[in-house]
Amino acid sequence: MRHIISLLMENEAGALSRVAGLFSARGYNIESLAVAPTEDPTLSRMTIVTNGSDAVIEQINKQLNKLIDVAAVMDLSEGEHLERELMLIKVRSEGAARAELKRITDIFHGRVIDESDRTCTIELTDTCAKLDSFLQAVGRDLILETVRTGASGIGRGERILKL
Amino acid sequence: MLAARQRLTKTLPTIILRGSISFKFKVFVMELTGAEIAIRCLQEEGVEYIFGYPGGAVLHIYDALFQQDKVKHILVRHEQAAIHAADGYARSSEKVGVALVTSGPGITNAVTGIATAYMDSIPLVVISGQVPSYAIGEDAFQEVDAVGITRPCVKHNFLIKDVKDIAPTIKKAFYLAKSGRPGPVLVDIPKDISNHKAEFIYPSSVNIRSYNPAGKGDSAQIKRAVQILLEAKRPMIYSGGGVVLSGASAQLIELVRLLGFPCTTTLMGLGAYPASDKQFVGMPGMHGTYEACMAMQHCDVLLAVGARFDDRVIGNVEHFAQVPRKIIHIDIDPSSIAKRVKVDVPVVGDLKLVLDQMLNALRSSKQKSDASDLTAWWKQVDEWRVKGGGLRYKNSTEIIKPQFVIEKLYEVTGGDAFVTSDVGQHQMWAAQYYKFNKPRRWINSGGLGTMGFGLPAAMGVQLINPGATVACVTGEGSIQMNIQELSTCKQFHLPIKVVSLNNRYLGMVRQWQEFFHGNRYSGSYMDALPDFVKLAEAYGHVGMRIDKPSDVEPALKEAFARKKDLVFMDFQTDPTENVFPMVPGGKGLSEVILSEDL
């Protein structure tokens with residue numbers, strides 16, 4: 001089952017590789033991993049999308065907690081949460097097709113951020129599943145480049161991950 | 001000596017007094033090099049011995065070591081041995097072992113030792129030199145990414161980037177190594193940083209916000225656990241290395257006696273519960289006793305205390321899960337709980353504290369175990385004891401049986417020696433036939449299974465236990481993996497007794513090849529062995545070769561009477577002898593093979 005795990009860790013050199021190394025050493029999957037410092041520059045917030053059986057997910061949570069640099073771990077999938085991913089996508093788009101592309105972009109609440117004679121670059125922020133749908137709607141043949149950040153997640157309402 | 005290095009470093013601002021008379025106050029502040037700071041930190045931690053090997057990147061640290069005499073340096077002959085020696089020191093003493101190695105090959109040689117300590121949760125602080133910080137990343141001479149290469153096999157590691165960080169980092173390293181689930185911690189110090197200067201301030205306490213090791217157990221969980229234990233019809237106590245590490249042997253003994261249940265200890269836990277006690281059923285697992293394997297498999301309540309359901313202990317995990325039983329698991333590391341088996345009552349905490357809580361709960365409980373259930377269960381366990389026939393082998397008057405040597409070793413040393421071992425058949429025979437009655441007496445590489453561990457580990461054991469009897473049970477394969485340490489033993493007068501069970505084969509490999517690979521002894525025959533007697537003598541020690549069973553006991557007596565000498569005993573043992581009982585790899589605990597089954 002797909003899980004989205006959020007964690008707070010010391011913003012120190014090597015902390016990221018400790019997490020990445022843990023996943024590869026123990027054979028866990030990483031679908032995506034997004035990380036950046038928080039409002040407290042000594043802490044980084046990481047969102048990991050992974051999948052596995054309940055037992056594997058339990059081990060992932062425990063093993064992450066065991067890392068000395070990791071201060072807090074929350075399996076967002078265990079409760080109400082929000083997730084968003086940013087995608088930049090460059091599409092081959094000429095003539096009349098451009099209007100159709102813009103129409104699809106509007107439907108998905110995307111934005112055109114760059115245009116040239118033959119290309120159009122769109123910014124889209126949504127759930128990972130929505131981004132997948134957009135890619136499908138545009139069609140693989142026309143896509144020149146796709147850049148995705150991986151999901152970022154946050155708990156709903158009073159579900160807060162803070163030290 | 002360091003005081004002589006006081007330097008004028010700070011000048012307070014000029015203070016203007018009334019009348020315009022000005023004074024300058026000068027304050028002396030102790031400023032030391034990074035290397036001196038590192039050694040001062042070790043002194044502050046009460047480190048008596050540091051095991052190491054010098055090299056370019058640690059020259060400043062070696063210089064600082066030279067100019068003091070509180071921390072004694074033990075020069076090994078290979079960095080792997082430095083780590084194993086520090087490891088043996090830690091395992092036999094409850095202290096943190098400390099080692100010092102240089103960059104590049106120094107630290108790569110140390111990796112096997114560090115991984116060995118990591119797998120068995122042994123507290124170590126390893127200091128490694130690194131190329132100068134400005135050269136990092138330039139493929140400098142003897143450069144290797146020490147922090148990267150050790151990351152998967154340390155509890156934590158640090159690369160120091162500022163001389164001011166040395167003292168707080170070493171403080172943290174000791175704290176991390178010994179608190180919670182212990183483990184090795186590496187501190188990598190670039191050469192230039194070890195020569196930069198800073199004021200030496202050793203922090204009095206450590207606070208790591210992202211690290212909060214468990215203490216007491218949850219009282220509600222303990223209540224549940226006690227309830228389940230008292231209602232059990234076929235209970236079993238399964239204890240492991242955690243009991244030794246936590247120093248909870250006394251609590252375990254009290255609990256087992258109070259409950260009246262059978263108790264087993266894993267390879268790593270041997271000695272935590274006295275082997276000569278009647279409630280002890282031996283070691284479980286691949287080469288455990290029949291009764292321990294059967295009781296583990298068929299109990300209805302299993303209390304796991306500081307053990308981790310290792311594949312060598314419970315065998316095939318699906319087979320183990322076929323029998324319904326309630327499992328209570330106490331461990332300081334939550335990730336050890338429910339890793340391989342489902343657990344009904346997890347209790348996270350320091351075993352010593354949790355077992356005390358459990359004992360209190362038991363004493364205050366009005367409920368008692370059903371005596372008739374327990375009697376029936378013991379009857380069953382005793383039947384297994386009879387069926388298993390105990391640990392046994394067919395002795396011979398013609399050829400030395402390895403088990404016989406261990407039995408005699410036990411007798412000659414009065415069961416009170418520190419016994420280190422290497423890895424293989426001899427390790428299993430030592431674990432089976434030397435009845436350990438005290439914790440921290442049995443020193444072996446259980447998790448990683450590192451050949452070459454025994455002799456250097458024995459050096460650390462002997463140093464922290466001067467005057468104690470230290471035996472290294474080994475084989476002709478394992479001993480050659482770190483035999484150069486005989487030279488270290490000579491230099492530092494370590495009267496270790498090497499008990500080598502020489503069967504001219506890599507015995508455990510040979511055994512598996514006999515059982516599972518059609519007697520094709522691929523690569524397991526040790527041809528062209530040295531004359532170990534001459535070799536021991538060449539290193540300045542006493543060598544003995546023992547060929548006949550009747551010579552075993554006199555030889556051991558003679559060797560152990562030589563209190564000041566290292567004696568290398570080369571026992572020519574039966575090359576065809578196998579370790580029994582045996583649960584073959586991938587099989588279940590109740591599929592244990594006894595010697596007559598083959």
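In this predicted model, chain B has a radius of gyration of 27 Å, which agrees with the value near 25 Å that a compact globule of 598 residues would have; the radius is taken over C-alpha atoms, and the globule rule is 2.2 Å times the number of residues to the power 0.38. Because the model is predicted, local features need pLDDT of at least 70 and side-chain atom pairs count only at pLDDT 80 or more, whereas totals for chains, interfaces and linings use all residues. Residues are numbered from 1 along each chain as its sequence is written, while chains are lettered from A and ligands numbered from 1 in the order in which they are written.

The table sets out values for the two chains. A residue is buried if 20 or more other C-beta atoms lie within 10 Å of its own, exposed if 12 or fewer, and partly exposed in between, with C-beta atoms placed from the backbone.

The secondary structure of chain B comes to 21 helices and 23 strands, where helices (H or I, at least four residues) and strands (E, at least two) are DSSP runs numbered from the N terminus. Chain A has four helices and nine strands, and from the N terminus on its elements run β-α-β-β-α-β-β-α-β-β-α-β-β.

Within chain B, strand S13 (residues 235–239) is largely enclosed by the rest of the structure, because five of its five residues are buried. Pro235(B), Ile237(B) and Ser239(B) point one way from this strand, Met236(B) and Tyr238(B) point the other way, and all are buried.

Which strands does S13(B) run parallel to? Two strands pair if DSSP finds at least two bridges between them. Five bridges join S13(B) to the parallel strand S15 (residues 301–305) of chain B, and in this pairing Met236(B) stands opposite Leu302(B). Three bridges join S13(B) to strand S14 (residues 263–265) of chain B, also in a parallel arrangement, and here Ser239(B) stands opposite Thr265(B).
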